Amino acid sequence: MKISYNWLKQFIKTDWDSEKTASMLTDLGLEVEGVEKYQSIKGGLEGIVVGHVLSCIQHPNADKLKITTVDLGDNNPIQIVCGASNVAAGQKVPVATIGTILYDKEGKSFEIKKGKIRGEESHGMICAEDEIGLGDSHEGIMILDENLKPGTPAATVFNIEDDEVFEIGLTPNRADAMSHWGTARDLKAGMLQNGINIELITPPVSNFKIEKRTLKIDVKVDDNKLVPRYCGVTISDIKIGTSPAWLQNRLKAIGITPKNNVVDVTNYVLHELGQPLHAFDASKINGKITVQNVAEGTKFITLDDVERSLSAEDIMICDENEPLCIAGVLGGKYSGVSQNTTSIFLESAYFNAVSVRKTAKRHTISTDASFRFERGIDPNITEYALKRAAILICEVSGGHITSDIIDIYPKKIEDHQVMLNLEKVSKIIGQEIPDETIKNILASLDIKVNSISKVALGLVIPAYRVDVTREIDVIEEILRVYGYNNINFTQKLNATTSHSSRTEDYKIQNIISNLLVGNGFNEMMANSLTTPSYIKLSNSLNETNNVLIINPLSNDLSAMRQSLLFSGLEAISFNINRRNNDLKLFEFGKTYHKLLSGNQENSHLTLFMTGNKTPESWTNPQKPTDFFLFKGYVLAILERLGLSKIIASPLNTDVFAEGIVYEMGNSTLVEFGTVKKSILKHFDIKQEVFFADFNWNSIIKQISNNIKFVEISKYPEVRRDLALLLDNEIEFEKIFDIAKKTEKTLLKDVNLFDVYQGKNLPNGKKSYAISFVLQDNSKTLTESQIDKVMSKLTHNFESELGAVLR
């Protein structure tokens, strides 16, 4: 937000320099991010003075040039070669002296230097109005008032505006400060706290008067909840033209390009008081004005010449035939002020902030008016701002007010009431502030004290302070005006020891992230917003559980995701389309579900693998990623977390072509497998993709805080291998379980290292080569002990599985 210092001084008379004022505003919470110089004429006419042409003769070497002698007030006349046809002796003219910097129409600078023109010396330049930025004419030099004294700086003759502009980084909650008036109001409160009692000057409207009632336009408001207040008045006999210099300078200083006198006044009052206004060409209004909603899909062309399709929720200003303006956002192309306008209907209103924000977002429009309406303006200055604007329009356009003010305000917006506990003020701020100081600060912020007790104050908060609705908000207001820098720091340093659980979520995530990154995975972070249609790819997901966005940026981002699978497949598809086919990805994220009991968030860890196991190399032949490698990564995560007592079961879902689920007790820890081709086809993925979905909430619950330490055995391990002939349907897991039940003490590990199926074996049979690692923690194993264990294992495999030792 830009604030002109000269404009600010119209409300609060101060001789502070801009740096001191900027510091005060920043302390008050209106952070000044920078201060820029502004001049109504670039360069400020510095170096340009009034000159008196003493003589003017023809140049001996050029028909279109003349040699002049010019007095600059220092009794040392100079010679200037001039090409203007209207230059003559006796004139008072603007002269750019040697060293003066001038600017062309594009803003490029050039310096006036001593030189020779066709053999004759020239010590300056007699200027035309366009050469010094005072106009567009280049027909000849400017001829000034003959009473001016030679040597007078041109800046004093033409009253150049020099200003400083504050760039304020306004936070969204400070709607009350979105104007020069609001900023001055805050500045006054800050000065008062520093012992400077200064008057806040309010622009007068006492000279508002209705000269004749010749143009009345009736107004009807359909929904007073959407439009709590609507004011309007007509002004006739206006003449559209250029705004006066003072008005143009005010707008240019804050970066607004002047358009015409009427529109410039509405912009001026907007930035002066914070009240948006709109002027309609009265001749283009058919019948009365109705503030209403229109049919869904109604076409409407706005001022920016864009045809828009209206929503049935948009507030529209309409006449009896068609819409004229999107209320609080942007006017219509055919109802605005033009060069032919002679009478206007001037609107000042208070629109529902939520409705305006939805409309602005829906049509992707952001204007100065919508910016203010969205955040909340002051409902009590609607009529005052209308009068202020009407007076100014009459002044700059020669118009007359030709109707009574229409003010539709059926239910007044009341001020807020808050009870302030004085003890809580000291507790929150950390320092006791005298009660009288608190009352003075509140009074400077227009907060009235309604009731007083020993421990509390009953307060009435003005309606324009939409951000001050709670006790803590009032305390924040007291603190920012009192000054954060005035709060003392204690000399005592207090410290506390925090006992945190080793199973805190972020710690576990870091452990697993390091594990996965060490195994070649890359972490991804997908958008939680997704396409609602993805639900149709899986029967396990329900459309009624979709958490939908009220104001989505697009239909593709209109729902919160119920699964991390689809966002991961989007990332894989994106990479494959860019020839990055070998991927190992993981993501910590959340899913969102709408349930009868309320919205629910679940935490997940997902893994994705696709493509080849290792990068292409002449030493390593290309091998595609397989199910068992992926399963190894899943088991590695569970093992790293100390989750060993898991139960594996086949998984049949419409997501996996084949899959496994690991459970612990009644909790599902992870589901993983090969993604079905029908789902991959939707993302145009033609290669196999493996996906694992860890229920992170269940995993965190299952992790124990107890750490167990086991001494490393001093005695050697012994390995023995068996080759077993088994039925095809027998899984290694059964062998593992039987082995663990057979020998619980000495057996440390069981591993399948070879599987053979083919010729020389009976039909329906396969051969497993299995290693068994034995170890005693108290002594070295003897051969008899080892043979005894292996004999028991062989016997149980034969009796329970029908295994044959090969």
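Visitor: Why is threonine 100 called buried?
Guide: The model is a predicted one. In it, threonine 100 has a relative accessibility of 4%; buried means under 20%, so threonine 100 counts as buried.

Visitor: Where is threonine 100 placed?
Guide: Threonine 100 is in the loop between strand E6 (92-96) and strand E7 (101-103).

Visitor: Which residues does threonine 100 touch, leaving out those up to four places away in sequence?
Guide: Glu46, Gly47, Ile48, Phe110, Glu111 and Ile112. For glycine 47 there is also a distance: its backbone oxygen lies 3.0 Å from a polar atom of the threonine 100 side chain. The limit for a polar contact is 3.5 Å.

Visitor: What makes aspartate 237 partly exposed?
Guide: Its relative accessible area is 41%. Exposed requires over 50% and buried under 20%, so aspartate 237, at 41%, is partly exposed. Aspartate 237 sits in the loop between strand E14 (229-236) and helix H5 (245-253), and its phi is near 60°, a positive value in a residue other than glycine.

Visitor: Why is threonine 364 called exposed?
Guide: The relative accessible area of threonine 364 is 70%; the cut-off for exposed is over 50%, so threonine 364 is exposed. The loop that holds threonine 364 runs between helix H7 (353-362) and helix H8 (368-375). Threonine 364 is not a glycine, yet it has a positive phi of about 50°.

Visitor: How do you know that strands E35 and E36 pair?
Guide: Pairing needs at least two bridges, and 8 bridges join E35 (residues 656-664) to E36 (residues 667-675), so the two strands pair. They run antiparallel. Phenylalanine 656 has valine 675 in E36 as its bridge partner. E35 and E36 form a hairpin with 2 residues between them, and glycine 665 in the turn has a positive phi of about 70°.

Visitor: Which strand does E36 pair with over 5 bridges?
Guide: Strand E37 (residues 689-695), in the antiparallel sense. Threonine 674 stands opposite phenylalanine 690 in E37.

Visitor: What makes E5 and E11 edge strands?
Guide: The open sheet has 5 strands in the order E5-E4-E3-E6-E11, with antiparallel pairing. Strand E5 (78-82) and strand E11 (125-126) each pair on one side only. Within this sheet, 6 bridges join E3 (residues 48-58) to E4 (residues 66-71), and serine 55 stands opposite threonine 69 in E4.

Terms used
Residues numbered from 1 in each chain as written. Predicted model: local features only at pLDDT ≥ 70, side-chain atom pairs only at ≥ 80, totals over all residues. Heavy atoms only, no water. Helix = DSSP H or I, 4+ residues; strand = E, 2+ residues; numbered from the N terminus. Buried < 20%, exposed > 50% of the residue type's maximum accessible area, 1.4 Å probe, protein only. Polar contact = N/O pair within 3.5 Å; in protein donor to acceptor, adjacent residues only side chain to side chain. Contact = heavy atoms within 4.5 Å.
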